Amino acid sequence: MKPVSRRQALALGIAGTGAIAVGGGGLLWARSSPFRPATGGRLEEPVILGSRERLLELLLEAAPAQVTVAGREASVAAYNKTLPGPTLRLRPGDRLRIALVNSLDTATNLHVHGLHVSPAGNGDNSFVSVEPGGSFDYEYGLPTNHPSGTFWYHPHHHGNVADQVAAGLYGAIIVDDPEDLPVTQDRVLLVSDISLTGTGALRAPSVAERMMGREGETVLVNGQVAPVLSAAFGDRERWRVINACPARYLRLHLEGGQLQILALDGRRLSAPAQVAEVLLAPGNRADLLVEAVKGTMILRAASYDRGTMSGMMGRGRAEVSGPVTLLSLDTSGVPGGVLPPVPSTGRIRDLRKEPVAAHRRFDFSMGMGPGMGPGGMRFTINDKAFDAGRIDETVSVGSVEEWTLSNGSPMDHPMHLHVWPMQVIQEGGRNLPDPKWQDVVNIPALDEVKVLVSFDDFPGRAVFHCHILDHEDQGMMGVVEAR
Ligand code: C2O
Ligand code: CU
Ligand code: CU
């Protein structure tokens, strides 16, 4: 490209915007051209590290990395120099040992999202801080009755979570089924988003983006844009879709085909359910079954309006997770053999049949307050911003509680509880007929949701928070201690 002269730049109205800068030898593009992803390559999957003899041991280094993102060289942060990081494949009853090494220039730690493991000591402890140059040895023991499904890992150091996840730090965890399911392909589809400059550097979010929850400009599936899969006629694929975006919602539908939900947040439904769409808030996972019986099917996310800060930030703009094409599946060949149906699971636990020991209420709110975050906004649960030294709720190990999650703000907040999954029993004032288990539950703007939680197995301190990671970093998080 021919450099633009200062006069031409002024004529174009870009000189004053910071788009170009004058360097020693003339004009340089400070932010150069926008990032141009390459689209449509063959889907690649992260390397899989599997357990042997009930143990998976690995070193996980969080570090700045030069990797290929969307077919281009980019400078990001990644685990073990790949984006996404390695997929960890486990079985119920396994031990997982991770030596986390921090080669970033900010403090970090590690969270195994959705796993039902101890939050104490060197387990899934979000209060650990691993300083730059430091390391920490985590050890997690999965109970022998641990659910089989899709989970993930990411940093959880309060204040740095959104920046580090947005920079590329995430990976999948699979807990295998006791018996293999009749599927021809089992794929991890880790969806993330990232904002890069034309030279492949990370772009910092604005104050407004931090308030709303940043959405990356480029949406990635396993680090690629709109990759292509191919299948033979009659194949049945299992897609483990993980929403690792810091704030983007994914309202998934399959153009030209049928989606079936096999599992949500790592927990099987009693039988696969055919659905028109599935909404994944940040942190949610869906295991989908797709039958390859048409030429081309396209997995898309439709737009989702997650609310507005109008009246709070003096602007009327709604924050919309925009429509995006995630991938396409090309089917070739002729009808062959027919796969046996996917067996249904046993009965799903329904906590409504168990006595409730306590009722609690959690109000998620955003309010203006002097000297609060960068935008003067307070993000709170029950009027309190996160304090690692405070215990907000004390619960008894083995008891069942009913929690009402209410949202008085004009934006959705996806609520996540570590260690113990939640059974959603009421949404939008309506009681749900069937047990529905999740570890991230969306609370729509100006609405409420009721859940039951059984505090099985593990004493210790854990957190619950909004999984819009900018909100979590700005205080929308609380501490629960099980005794
Ligand atoms: Cu996926 Cu506490 O986070
Ligand atoms: Cu989590
Ligand atoms: Cu939030």
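Two strands are said to pair if DSSP finds at least two bridges between them, and helices (H or I, at least four residues) and strands (E, at least two) are themselves DSSP runs, numbered from the N terminus. The structure described here is a predicted model, in which local features need pLDDT of at least 70 and side-chain atom pairs count only at pLDDT 80 or more, while totals for chains, interfaces and linings use all residues. Residues are numbered from 1 along each chain as its sequence is written, chains are lettered from A and ligands numbered from 1 in the order in which they are written, and side-chain values use heavy atoms, with hydrogens and water left out.

**A strand pair**

- Strand β25 (residues 358-368) and β26 run antiparallel and are joined by 5 bridges, and within this pairing Ser365 has Thr380 of β26 as its bridge partner.
- Strand β26 (residues 377-381) is largely enclosed by the rest of the structure, because 4 of its 5 residues are buried, where buried means under 20% relative accessible area, exposed over 50%, and partly exposed in between (1.4 Å probe, protein chains only).

**Copper sites**

- The copper ion (ligand 2) has His111 (NE2) and His416 (NE2) as its protein donors, at 1.8 to 1.9 Å; donors are N, O and S atoms within 2.8 Å of the metal (3.2 Å for Na, K and Ca), and sites may look incomplete because water is not among the atoms.
- His111 belongs to strand β8 (residues 111-113) and His416 to strand β29 (residues 413-417), so this pair ties together parts that are 305 residues apart in sequence.
- His111 is buried, with a relative accessible area of 1%, and His416 also counts as buried, at 0% relative accessibility.
- The copper ion (ligand 3) is coordinated at 2.0 to 2.2 Å by His413 (ND1), Cys466 (SG) and His471 (ND1), donor residues whose spacing in sequence is H-x52-C-x4-H.
- Cys466 and His471 are both buried.

**The second largest pocket**

- The second largest pocket has a volume of about 480 Å³, and among the 24 residues that line this pocket, the closest to its centre are Asp163, Gln164, Ala166, Ala167 and Leu202.
- A pocket is an open set of points on a 1 Å grid over the protein atoms alone where a 1.4 Å probe fits, with protein on both sides within 12 Å along at least five of seven lines, and lining residues have an atom within 4 Å of a point.
- The lining takes at least two residues from each of β5 (72-79), α2 (161-166) and β12 (185-194), and α2 supplies the largest share, 3 residues.

Methods
Grid points are joined across faces, edges and corners, and a volume is the space filled by probe spheres set on the points.
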